[in-house]
Amino acid sequence: MEYRELGKTGLKVSVLSYGASGLGSIYGTPDEARGIKAVHTAIDCGINLIDTSPLYGGTKSESALGKALKEIPRDQYYLATKVGRYAGGVSDFSAGRIVESMDESLMRLGLDHVDIFQCHDIDFVSLDQIVEEALPALRRLQEQGKARFVGITGFPLKVYRYVLDRTDVDTVLSFCHYMLHDTSFEMLVPYLRKKGVGMINASPLGMGLFTERGPAPGHPATENIKRVCAKAVAVCKQKGENISKLAMQFGLANPDFATTLVGTTRPEHLKENIEWLESPIDEALLAEVLEILKPIRNTTWTRGLPENN
Ligand code: NAD
């Protein structure tokens, strides 16, 4: 496993990191043991960054992680969680809620501090509230030792520049903007590098677009994006190739990102992802797939408040 510096934090993170959103859907079910094994497999394979949020499974992801992490020495992983987005479509970035949310997350996780504490999906609210109220509250929690570093996550790329023109953060987590058909995050890289911000990529499989199973119902991509991606999946399958392998290798090949989060609750997927990471990319197949995806190159969907898109 390769490790990279995460901006100016001093954290050396594994290039592949573990997205725990899926743990929320299996908490309390017979599959929970498998999910806990996936976390342990991740650590055993050298993954050292785990990302979660109280939003995932309505706090269940954090609770499942609390069980999984009990058996892992604290110096073997970095834990990132978030504030501001909760089950039922609730967004609350008020300073008071942030303080409560931090303590609730620490309790569920069974930890006394997290490594990265992030404002989750800031595109759903006024960015001025993020700058003036939420991030100062996170910095106070950092001063108290409850979080080592502070970050933001969001979908439309516009949000990052707005916030970073006005204040500092240690990390940004972007998703579905660096994958086979959409690499628009690249435009932001020189700006973020100059500021020394650690860059985390998520969802290199496009939240299911680049899997043989396909995106789940309700996936936010447009029908056209789904149709063209499905064509690329089918062409790979006809050739006996799994598009997820290509998508993983493509996403992880970019050295601008310190790490890329992939979500799975299946230990066998994790092992497969690490194997893929360590094998060379099929350049001919990549060229063919990129050609199929050309009509949707850098096209995306909107999310959050209209003014944030
Ligand atoms: P992803 O693109 O990593 O896709 C995950 C899907 O791919 C899952 O359905 C999983 O079962 C499947 N998969 C994983 N490995 C596979 C393999 N080897 N073969 C076939 N299928 C495989 O997207 P994601 O899970 O949405 O994102 C990863 C993580 O990033 C999340 O868990 C979360 O921690 C983080 N994230 C954060 C935000 C945010 O902060 N707003 C948004 C998106 C993701």
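This is a predicted model: local features need pLDDT of at least 70, side-chain atom pairs count only at pLDDT 80 or more; totals for chains, interfaces and linings use all residues.
In the model, 8 strands form a closed barrel in the order 3-4-5-8-9-10-11-12, and their pairing is parallel. Direction ignored, neighbouring strands of this sheet are turned by 30° against each other on average. Helix 5 (residues 127–143) lies across strand 5, strand 8 and strand 9 (147–154), and runs at about 155° to strand 9.

Arginine 85 lies in strand 6 (residues 85–86). Because its relative accessibility is 11%, and buried means under 20%, arginine 85 counts as buried. When neighbours within four places in sequence are left aside, the residues in contact with arginine 85 include Pro54, Leu55, Phe93, His120 and Phe124. Serine 91 is also in contact with arginine 85, and the two side chains make a polar contact (3.3 Å). Asparagine 48, by comparison, is 37 residues from arginine 85 in sequence, and their C-alpha atoms are 25 Å apart.

Helix 8 (residues 223–238) has 16 residues, which should span 22 Å at 1.5 Å a residue, and this agrees with its end C-alpha atoms, which are 22 Å apart. Its buried residues are Ile225, Lys226, Val228, Cys229, Ala232, Val233, Val235 and Cys236. In an α-helix, residues three or four places apart point the same way, because there are 3.6 residues a turn. Helix 9 (243–252) and helix 11 (283–292) are among the elements that cover the buried residues of helix 8. Helix 8 is followed by glycine 240, which has a positive phi, near 75°.

Key:
Residues are numbered from 1 along each chain as its sequence is written. Side-chain values use heavy atoms; hydrogens and water are left out. Helices (H or I, at least four residues) and strands (E, at least two) are DSSP runs, numbered from the N terminus. The expected span of a helix is 1.5 Å times one less than its number of residues. Buried means under 20% relative accessible area, exposed over 50%, partly exposed in between (1.4 Å probe, protein chains only). Contact means heavy atoms within 4.5 Å. Two strands pair if DSSP finds at least two bridges between them. Axes are lines fitted to C-alpha atoms, for helices over the stretch in contact, and angles run from 0 to 180 degrees between N-to-C directions. A polar contact is a pair of N or O atoms within 3.5 Å; within protein, one must be able to donate a hydrogen and the other to accept it, and residues adjacent in sequence count only if both atoms are side-chain atoms.
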